[in-house]
Amino acid sequence: MTGMLSKESLSHAILLAGPSGSGKKSWGKALAQAVLCLNRSYGEACMGCVSCRQFSSGNHPEYFLIEPDGRKIKIEQVRSLHTSFHLRGVNKVCLISHAEAMTAEASSSLLKILEEPPEGLYFILLAEQPRLLFDTILSRCQRYKLQPLSRDQIQDLLVKKKNLGADKAAFLARLSSGLPGHAFNLADDEDFNKRFEEAKTLVFNLVSGHDSTYHLLSQANSLAEREDLLSFLDLLCIFYRDCLVKLLCRNEELLISHVRPTIREIVDPAAVMEEVIRLINSTIYELNATNVNRRLLLEKMLILMQRRFTQCPG
Ligand SMILES: [Zn+2]
């Protein structure tokens, strides 16, 4: 960001592109605050001036946020800005979230402003799919693409911003796919610990083959009713992937330590883990792609998984 603002002339339109959860909004807001700051230094907001205090309290008169109204950003939303932009002499920033949701009319209206932007007016556009924007808008934007962060960076962020312990931060960092927004959502998700423990129990039960078929069927039934089913299956997958990585690396230490003795009884544990991971992934795929009977699909997945785990040597 320092780079963006250290230039003499900041472009009137900046596009921040990146997948959902990549931090576009946090960056966009930090940039807006820095543009509006009265005492900016090295491209960063001072956090102490009148403008910064107004911004932090969500009450800045020269900061405008446009978000989709329903699924679209409508022309009236862009038009309503025109009346706000006459005051000269102060910087004004408009942040457009999900800019690709602008209707063609809204895009044309924005384009008109961008063709002759009033002095001191800046637009920050956020988009997951920038290719859906008008080429004529794109060509007027200074463009930046947000890259996923490394696991260590996410872990640091979680420790600093969410006060998490190092272990939990490390685990959530692995689940976040490098997307800080996704990591923060997981950290704020009050049900996460419960889901984590439930997934761990199921992983253990399946590996040890303790569950009767009757219990597996009722397990499938309750899984099918979970609203967080996909996140739950993601967790299962991560547990098994962890086991696989550690088996292949000949490292004795497993994420769930009590799974270890049981795994040793399987002929080729790594092959079984691979198959189970494939099975969960294909279940996730089918759940996403088709209108399947969730319960039947989950019954099949659990029974096949347990059968693989309980195949004994010899
Ligand atoms: Zn300031």
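The notes below go from the chain as a whole to the sheet and then to one helix pair.

1. Please keep in mind that this is a predicted model, in which local features need pLDDT of at least 70, side-chain atom pairs count only at pLDDT 80 or more, and totals for chains, interfaces and linings use all residues. Residues are numbered from 1 along each chain as its sequence is written.

2. The protein chain holds 15 helices and five strands, taken as DSSP runs numbered from the N terminus (H or I of at least four residues for helices, E of at least two for strands). Of its 314 residues, 30% are buried, meaning that 20 or more other C-beta atoms, placed from the backbone, lie within 10 Å of the residue's own.

3. The five strands form an open sheet in the order β2-β3-β4-β1-β5 with parallel pairing, where a pair requires at least two DSSP bridges. Because β2 (63-66) and β5 (142-145) stand at the edges with a single partner strand each, one side of each is left without a neighbour in the sheet.

4. Within this sheet, β1 (residues 13-17) and β4 (residues 121-127) pair in the parallel sense over five bridges, and Ala13 stands opposite Phe123 in β4.

5. Elsewhere, the axes of α12 (residues 229-248) and α14 (residues 269-289) come within 9 Å and cross at roughly 160°, the axes being lines fitted to C-alpha atoms over the stretch in contact, with angles from 0 to 180 degrees between N-to-C directions. That makes α12 roughly antiparallel to α14, a term used for angles over 145 degrees.

Note on methods. Angles under 35 degrees count as roughly parallel, over 145 as roughly antiparallel, 65 to 115 as roughly perpendicular and the rest as oblique. A residue is buried if 20 or more other C-beta atoms lie within 10 Å of its own, exposed if 12 or fewer, and partly exposed in between; C-beta atoms are placed from the backbone.
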